[in-house]
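Thanks for asking for a second pair of eyes on this one. Here are some notes to read alongside the model.

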Amino acid sequence: MLLQHRCDAGLTDPEVGHPHALPSIAILTRKCQTAMNPLPGDLFARRLRQERERLGISQAELARRMAALLGTNVDATAITRIEQQTRAVRLDEAVTAAEALGVPLITLISDSYARDNEAEIQNQLAELALAEQEWERLRQKIHRITQTIQQLSAERKAFRSHALHVNPETVGDYELDPETQAALDARMHDVRDRPAGQVADPGV
C-alpha cells in the first residue's frame, strides 16, 4: 500500500533533494510499474506463496510434493528463492507446483482468472440461450412443415380414392414419383416412430 501511495503521489521520495536521488527514483519507478503491471513471474511468486499458505503447508512440504511428482530432488530453498523472486521458475516446476497445490496453473499466473472465468461462463450461458431460442424456432418450423406434408398426403389419398370409384383410369395421376414416395414414406416413418410429445404443438 505504501508503494502504491508513493506511486499515486508522483514518486515523492524523501531523497528527492539529495544529489544521489535520481537512482532512487528510477528504482522506485520500476517498482511502481511492476506493482501496477505485474509480470507473470511476479504474479507466480506471489500466488505460489498465497496458495501454499492457504493450504497451510511449508515450503519444505511443497518441495517434497513437487519432488514426488517430478521424480527428482527439489530443495526447500528453491521454493524460498522462487517466492522471493531471486530465482526464476522453470516451466516443469511451475506445472508441478500447481499440481502439488491442487490448482490450475492459470491461477498461479493470473490475478483475473476468476473474473475471466465468470465472464466466459456468462458468455456461454448467453450463447446457450440464443441457441435454445433458435432450436425452438426450428422445432416449430419442422412441426408446421410435417403437418403440411401430412395434410397434402391425406388430400392426395382422398382424391385417389375418389378417382378409383369415379374414373379408375385417372388413378395413375395421383401416384407419386417413386423417389418422392420413398422419401415421403421414410419421413413419415420417422414421425410415427418419434416418441409422443417429442414435437409438441406450437399452439399448446
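At what angle do the axes of helix 4 and helix 6 cross, and within what distance do they come? Before the answer, a word on conventions. This is a predicted model, where local features need pLDDT of at least 70, side-chain atom pairs count only at pLDDT 80 or more, and totals for chains, interfaces and linings use all residues. Residues are numbered from 1 along each chain as its sequence is written, and side-chain values use heavy atoms, with hydrogens and water left out.

1. **The crossing.** The axes of helix 4 and helix 6 cross at roughly 110° and come within 9 Å. Helix 4 is therefore roughly perpendicular to helix 6, a label given to angles of 65 to 115 degrees, with under 35 counted as roughly parallel, over 145 as roughly antiparallel and the rest as oblique. Axes here are lines fitted to C-alpha atoms, for helices over the stretch in contact, with angles running from 0 to 180 degrees between N-to-C directions. The helices themselves are DSSP runs (H or I, at least four residues), numbered from the N terminus. The crossing is right-handed, which is the case when the near helix is turned clockwise from the far one by less than a right angle.

2. **Who meets whom.** On the helix 4 side, the contact (heavy atoms within 4.5 Å) involves Leu 62, Arg 65, Met 66, Leu 69 and Leu 70. Their partners in helix 6 are Asp 92, Glu 93, Thr 96, Ala 97, Glu 99, Ala 100 and Leu 101. By class, this contact has 7 nonpolar, 1 polar and 4 charged residues; Ala, Val, Leu, Ile, Met, Phe, Trp, Tyr, Cys and Pro count as nonpolar, Asp, Glu, Lys and Arg as charged, and the others, Gly among them, as polar.

3. **Helix 6 and its cover.** Helix 6 spans residues 91–101, and its buried residues are Glu 93, Ala 94, Thr 96, Ala 97, Ala 98, Ala 100 and Leu 101. Buried means under 20% relative accessible area, exposed over 50%, and partly exposed in between (1.4 Å probe, protein chains only). Their cover includes helix 3 (40–55), helix 4 (59–70), helix 5 (76–83) and helix 7 (106–109).

4. **Backbone on either side.** Gly 102 follows helix 6 with a positive phi near 75°. In the loop between helix 5 and helix 6 sits Gln 85, which has a positive phi of about 60° although it is not a glycine. Most residues other than glycine have a negative phi. Gln 85 is partly exposed, at 46% relative accessible area.

5. **Salt bridges.** There are 11 salt bridges, each a side-chain nitrogen of Lys or Arg within 4 Å of a carboxyl oxygen of Asp or Glu. A network of them links Arg 87, Arg 90, Asp 92 and Glu 93. Arg 54 pairs with Glu 51, with 2.7 Å between the closest N and O atoms. These two residues are 3 apart in helix 3, about one helical turn. Arg 54 is exposed at 54%, whereas Glu 51 is buried at 9%.

6. **Two pairs in helix 8.** Within helix 8 (residues 113–166), Arg 137 and Glu 134 lie 3 residues apart and form a salt bridge at 2.6 Å. Glu 136 and Arg 139 also meet in a salt bridge, at 2.6 Å. Glu 136 is partly exposed at 26%, while Arg 139 is buried at 12%.
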